[in-house]
Amino acid sequence: MSDIKMVIKHSLSTRQSISPPEPYYNPHVEALPKYNSGLSLAAARAASGLTQIARLASNENPHGCSPGVMQAIDAVELWRYSDPGCELLRATLATKLGVDPAQIVIGNGSEEMIAAASRGFLTAGSHALTVTPSFGLHEIEPLAVGARVTKVPMTADLEFDVPALELALAQHPQVFFLPSPSNPVGPALDTRELARVIGAVSGATLFVLDEAYREFTSEAIPDGLEMLRESALSYVVLRTFSKAFGLAGLRVGYAVCSSPRIAKMLTAAKTPFNVNALAQAAAVAALQDEPWMEAAVTRIRDERERVSQSLRQMGLRVARSEGNFLFVDVARPSTEVATQLLKAGVIVKPWLEPNYQSFIRVSIGSSAENDQFIEALRRILQPGF
Ligand SMILES: Cc1ncc(COP(=O)(O)O)c(C=O)c1O
């Protein structure tokens, strides 16, 4: 072997034995808890061997979306970039809500606005407050920027613990993420409770009120945006087209901010073309057909009552729900029950947070899907199954 070949051979073999230098891994991101997302249709089919799957893990709308949406997306020119300012959608929402368009930021799902609020208003060492059981991203996004997260548990009877929230708010967290209705539990704050919470938030805290399930609530539940507008607080109200409007797959939600300055921060913290053209056109069309959404919501609320009654008749504890889902104590490890349900072609979300691992969260689907769930659960919970 020539000298040069020997040198190359030697350098290759030493290179193989030394492991390459590692890049810098952001420790905050590397340590993040995993988001507990619902199983895909393909995975459920593979696990159950069935084709008829009831997808009840992601709080989607089983009735689809308005026919007007399908027409609107047909006219979109896919070869053009989307409008980075989402001007038409923001103007439409501003008129509907009676706010300045400069207060609105559109997100790639409202989840993007949770990330933007975390990037914009938290940093390493900041303090964020939320509740437990929680919507995973209210914890994950603050942790991703190095913030510390305090979680106030719901009460033993699965309601918001307003006195405990008042105490925690007295610590002046930089950001307070509150989902009302609560995901995964279901209750929403009534007017008196929300007034108490608003009264406990200090001027130094940004109050992020997440109303992803607002359209499913009963008459008695206040409009959080209306109440916050009467306060002197800094706030962001989050809403989405994923649930009642049936556009989960398109990814579009929004933030209504107390000031254009807060909206500017959220805008700076997102990517420029974050909302695609189909999503923008679909959301505008969905807002033009609210009767379609209201009819779907009525059907879902009726089914929610029917399913919760059936579950209670089976002796199960079911939390009060103002959303399109139920939080159910199955009195045994939730992962075992979810695995058995999967074999019967039903996807639900087993809850994994400490103290709630005997709960599953089940979305309200079509009547047929709900029947499939109830019958399967009845069988699974029989003694000796
Ligand atoms: C409370 C809450 N907030 C926000 C989201 C995010 O919704 P999207 O990003 O689809 O708008 C969800 C989704 O399940 C949710 O439950």
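In this predicted model, 27 residues of domain 1 are in contact with 29 residues of domain 2. On the side of domain 1 that touches domain 2, α2 (27-30), α13 (290-313) and β10 (325-329) each contribute at least two residues. The largest share, five residues, is that of α13. Sorted by class, this side of domain 1 holds 14 nonpolar, seven polar and six charged residues.

As for where the two parts lie in the chain, the domain assignment gives residues 28-62 together with 291-380 as domain 1, and residues 67-288 as domain 2. Taken over C-alpha atoms, the centres of domain 1 and domain 2 are separated by 24 Å.

Let me now turn to the sheet. Strands of a sheet pair through backbone hydrogen bonds, in either a parallel or an antiparallel manner. Here, seven strands form an open sheet with mixed pairing, and their order is β2-β8-β7-β6-β5-β3-β4. At the edges are β2 (104-107) and β4 (148-153), each of which pairs on one side only. On average, and with direction ignored, neighbouring strands of this sheet are turned by 20° against each other.

Within the sheet, please look at β6 (residues 206-210) and β7 (residues 234-240): these strands run parallel and are joined by five bridges. Opposite Phe 207 stands Tyr 235 of β7.

Finally, which strands does helix α8 lie across? Helix α8, residues 162-169, lies across β3 (127-132), β4 and β5 (175-179). Thank you.

Notes
Residues are numbered from 1 along each chain as its sequence is written. This is a predicted model: local features need pLDDT of at least 70, side-chain atom pairs count only at pLDDT 80 or more; totals for chains, interfaces and linings use all residues. Domain bounds come from an automatic or database domain assignment. Two residues are in contact if their C-beta atoms, placed from the backbone, lie within 7 Å. Helices (H or I, at least four residues) and strands (E, at least two) are DSSP runs, numbered from the N terminus. Ala, Val, Leu, Ile, Met, Phe, Trp, Tyr, Cys and Pro count as nonpolar, Asp, Glu, Lys and Arg as charged, and the others, Gly among them, as polar. Two strands pair if DSSP finds at least two bridges between them. Axes are lines fitted to C-alpha atoms, for helices over the stretch in contact, and angles run from 0 to 180 degrees between N-to-C directions.
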